[in-house]
Amino acid sequence: MKVWILSPCPVTDWNDERRKARLRTTRLGCRWRRFGRSRRLLARAGLALIPVMIVSAQYWVHDVYPEQQRLAQTQPALHHIYDAAQPADQDTAVVDLVGLGNLDASDTARALPAFATVGQVWAVQYDNAGIDTAVISRMIAEHAEQRGVERLLLAGHSMGGIIALEVAQHILDDTELSLLAVVLDCTPIDLHAVRPAKRDAGEDMLRWMGWLPGARESRALRFAVETAARRDRYLIDHPRGMPILEPNALVDAIDEVFRDKIFEENAASNSLIEAQFLTIVASGAADNLVALSRERDDKPRPAIVFMRPHRGILDDVVDVDYSQRAIFDRAGGPGGALFVARMYGTGHANPIQQPYVYNETIETRVLPFVTRFAERTEDRAVMSR
């Protein structure tokens, strides 16, 4: 058997100019003479957009559209948490509302059994598609009629206090129900009361919602935002360089986001969080306070209670000192309806984390003031007749 060994044949006539010329004669649109450069540019852009369009279609079909369908079927609800501690108080109800990033006040209301000494305790679950205080007030009024309730106390935690004030005005203006008090737990009276870092994060979120299609429903975007919000857990600042990444802490943060925000059916949606933040941005809480503090011929005015940490710096979300001054200007002073309850060992609107302090404050300080204020208001009403 013969074995042929081919000797290498060197290319002796290589010419780079001929190579370039050949590429020019075989490239896309080489025969286009009229507007050839522009047409080739558009053709390349169209080809480059194909992967983008495929990814966008998958994003819309598998991420945005299912969430749109789910949100279209949500609605607000009112959950019964406690019966009144005394049967004689069944005609009174406490309605609890939670703040930014939360959907359902049930867990918070369960942490505050002290409210059962006032009457029944109910918790508001927001509509995951957004917030309508008129709808919430009508829902409360209808439930009160069904349960034989005549008097209400509204309690709002953080941003929930803004909702509570607006609902309170609807209750007084549009229903026959009496309002004992509105309890505000670390409530930002307006956007200036929100700490700058938290305010900037909320404004960034609104920008995303404004320009990114499907951002109000996207779970992928929610994952990115929630993970970034926890960066202080897995990024350690280095004094002379880039932050150091802690892989285990990053995994824990990602696991928490998936568990509590993405796969949790009762988690607040992007749409609800946007609506909650816009409620703070467009807050009419100051006007609501003024309206609630006015004397009325048909109904007594409610007491206003502001619960806060004993030192303002302990609340890292809301400048409670600023809020307290703003609330005092509208509801305090001689003959005012305001009571401020400073609590030791608490942070920002955290009754679930500090139930003992909250319940003790409610039992020993808040409810006695509300009772005394109601008695004074009723006495003045009787005297004026």
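Modeller: Ser-158 sits in the loop between strand 4 and helix 5 (160-174). Helices (H or I, at least four residues) and strands (E, at least two) are DSSP runs, numbered from the N terminus. The model is predicted, so local features need pLDDT of at least 70, side-chain atom pairs count only at pLDDT 80 or more, and totals for chains, interfaces and linings use all residues. Residues are numbered from 1 along each chain as its sequence is written, and side-chain values use heavy atoms, with hydrogens and water left out.

The backbone of Ser-158 deserves a look. Its phi is positive, about 55 degrees, although Ser-158 is not a glycine. Most residues other than glycine have a negative phi. Ser-158 is also buried, at 10% relative accessibility. Here buried means under 20% relative accessible area, exposed means over 50%, and partly exposed lies in between (1.4 Å probe, protein chains only).

Cys-186 shows a positive phi too, about 55 degrees, and is not a glycine either. Cys-186 is in the loop between strand 5 (178-185) and helix 6 (196-211). Its relative accessible area is 0%, so Cys-186 counts as buried.

Now step back along the chain from Ser-158. Strand 4 covers residues 151-157 and pairs with strand 2 in the parallel sense, over six bridges. Two strands pair if DSSP finds at least two bridges between them. Within this pairing, Leu-152 in strand 4 is the bridge partner of Ala-93. Strand 2 also pairs with strand 3 (residues 120-125), again in the parallel sense, over four bridges. There, Val-95 stands opposite Trp-122 of strand 3.

Strand 2 (residues 92-97) is mostly covered, with six of its six residues buried. Both faces are covered. Thr-92, Val-94 and Asp-96 are buried on one side, and Ala-93, Val-95 and Leu-97 are buried on the other.

A search of the whole structure finds one cavity of 30 Å³ or more. On a 1 Å grid over the protein atoms alone, a cavity is a set of points where a 1.4 Å probe fits but cannot get out; lining residues have an atom within 4 Å of a point. Grid points are joined across faces, edges and corners, and a volume is the space filled by probe spheres set on the points. The volume of the largest cavity is about 30 Å³. Its lining includes Ala-155, Gly-156 and His-157, as well as Val-183, Leu-184 and Asp-185. Leu-112, Phe-115, Met-307, Tyr-358 and Ile-362 line the cavity too. Strand 4, strand 5 and helix 13 (355-384) are the elements that give two or more residues to this lining.

Next, the charged pairs. The model has seven salt bridges. Each is a side-chain nitrogen of Lys or Arg within 4 Å of a carboxyl oxygen of Asp or Glu. One of them joins the side chains of Arg-147 and Asp-83, at 3.7 Å from N to O. Arg-147 lies in helix 4 (residues 133-147) and Asp-83 in the loop between strand 1 (77-82) and strand 2, so this pair ties together parts that are 64 residues apart in sequence. Arg-147 is partly exposed, at 35% relative accessibility. Asp-83 is partly exposed as well, at 47%.

Asp-107 and Arg-110 make another salt bridge, at 2.9 Å from N to O. They are three residues apart in helix 3 (residues 106-110), so about one helical turn separates them. Asp-107 is exposed, at 52%, while Arg-110 is partly exposed, at 45%.

In a further salt bridge, the closest N and O atoms of Arg-301 and Glu-295 are 3.5 Å apart. Arg-301 is buried, at 10% relative accessibility, whereas Glu-295 is exposed, at 54%. Asp-255, Arg-259 and Asp-260 are linked in a network of salt bridges.

Last, the surface. Leu-47, Ile-50 and Ile-54 form a nonpolar patch, with about 290 Å² of accessible area together. Patches are made of residues with over 30% relative accessible area and no salt bridge: like charges are joined within 9 Å, nonpolar side chains (Val, Leu, Ile, Met, Phe, Trp, Tyr) within 5 Å. Accessible areas come from the Shrake-Rupley method with a 1.4 Å probe; for residues, only the protein chains shown count as cover. Ile-50 belongs to helix 2 (residues 36-71). Its relative accessible area is 42%, which means partly exposed.

Note on methods: On a 1 Å grid over the protein atoms alone, a cavity is a set of points where a 1.4 Å probe fits but cannot get out, and a pocket is an open set with protein on both sides within 12 Å along at least five of seven lines; lining residues have an atom within 4 Å of a point.
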